[in-house]
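I opened a new notebook page for this structure. My plan was to go from the whole chain down to single residues.

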Amino acid sequence: MTLNTIGLEKSKTAAIEKDLNTLLANFQVYYQNLRGIHWNIKGKRFFDLHVKFEELYTDANVKVDMIAERVLTLGGTPLHTFDDYIKAAKVPVGKNISQDEKAVRLIVDSLTELLKIERTILDASDEANDEGTNSMMSDFITEQEKTVWMMKAWLGETV
């Protein structure tokens, strides 16, 4: 068994690095979606949603950096081109969305995809005894589940 410099089994962290890069790519698409709906939102709910979307994209930007740094911590190289992001993206791409309900639906659909990836990483990091990645995924999941609940409540839907 070969360990990396932080004491984790290299064979197990290689798969986690790959999954983290998938998450990174999807977060970059999610981030860009948030920027787009922030810029383009229109209507009576503009003031509330414009501020909320900025809050969400600021948070997503922080998470992008955290994910990339975790890939580096595990010994990998973070994806960093839009070409790589698009190839790995499972998050839907939102284009020219200016209507409030479509914008919020895009957030719910995007977070649903991110949560699937994060749960896969959570399981793998638990098996690899990778507490750093595990803790990060746990924190992301907790926060995003709440955001999904709130967005669905705004849409008048249940979880």
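My entries follow, starting with the overall fold.

**Entry 1: the whole chain**

I began by noting that this is a predicted model. I then looked up the secondary structure. The protein chain has five helices and zero strands. Along the sequence I read the pattern α-α-α-α-α.

Next I checked the overall dimensions. The C-alpha atoms fill a box of roughly 60 × 30 × 20 Å along the principal axes. I also looked up the radius of gyration, which is 17 Å for the protein chain. A compact globule of 159 residues would have a value near 15 Å, so the two agree.

I asked how much of the chain is buried. Of the 159 residues, 45% count as buried. The accessible surface comes to about 8,800 Å². Carbon and sulfur atoms hold 52% of that surface.

Last, I looked at charge. The protein chain has 19 positive and 25 negative charges. Their mean positions are 7 Å apart.

**Entry 2: helix H2**

I picked helix H2, residues 46-73, and checked its length. It has 28 residues, which should span 40 Å at 1.5 Å a residue. Its end C-alpha atoms are 40 Å apart, so the span agrees.

Which residues of H2 are buried? I listed Leu49, Phe53, Leu56, Tyr57, Ala60, Lys63, Val64, Ile67, Ala68, Arg70 and Val71. I noted that Lys63 and Arg70 are among them.

I then asked what covers the buried residues of H2. The cover includes helix H1 (10-40), helix H4 (100-127) and helix H5 (131-155). After H2 comes Gly75, with a positive phi near 100 degrees.

**Entry 3: helix H5**

The buried residues of H5 include Met136, Met137, Phe140, Ile141, Gln144, Val148 and Met151. Thr133 and Lys152 are also buried. I looked up their partners: the buried residues of H5 pack against H1, H2 and H4. Just after H5, Gly156 takes a positive phi of about 80 degrees.

I stopped at Glu143, which lies in H5. It counts as partly exposed because its relative accessibility is 37%. Leaving aside neighbours within four places in sequence, Glu143 is in contact with Asp59 and Lys63. I had already listed Lys63 among the buried residues of H2.

I went to Asn33, which lies in helix H1. Is this residue buried or exposed? Asn33 is buried, because its relative accessibility is 5%. Not counting residues up to four places away in sequence, Asn33 touches Val91, Pro92, Val93, Gly94, Leu106 and Ser110. I checked one of these pairs. Asn33 and Leu106 are 73 residues apart in sequence and 8.1 Å apart in space, C-alpha to C-alpha.

At 1% relative accessibility, Ile121 counts as buried. Beyond its neighbours within four places in sequence, Ile121 is in contact with Ile16, Asp19, Leu20, Leu23, Thr133 and Met137. Thr133 and Met137 are among the buried residues of H5.

Most residues other than glycine have a negative phi. I looked for residues that depart from this.

Asn96 has a positive phi of about 55 degrees although it is not a glycine. This residue lies in the loop between helix H3 (82-88) and H4. Asn96 counts as exposed, at 64% relative accessibility.

Asn129 has a positive phi as well, near 60 degrees. I found Asn129 in the loop between H4 and H5. At 63% relative accessibility, Asn129 counts as exposed.

Technical notes. Residues numbered from 1 in each chain as written. Predicted model: local features only at pLDDT ≥ 70, side-chain atom pairs only at ≥ 80, totals over all residues. Heavy atoms only, no water. Helix = DSSP H or I, 4+ residues; strand = E, 2+ residues; numbered from the N terminus. Rg over C-alpha atoms; globule rule 2.2 N^0.38 Å. Buried < 20%, exposed > 50% of the residue type's maximum accessible area, 1.4 Å probe, protein only. Areas by Shrake-Rupley, 256 points an atom, 1.4 Å probe, with all protein chains shown as cover. Lys, Arg positive; Asp, Glu negative; His and termini not counted. Charge placed at Lys NZ, Arg CZ, Asp CG, Glu CD. Expected span 1.5 Å × (residues − 1). Contact = heavy atoms within 4.5 Å.
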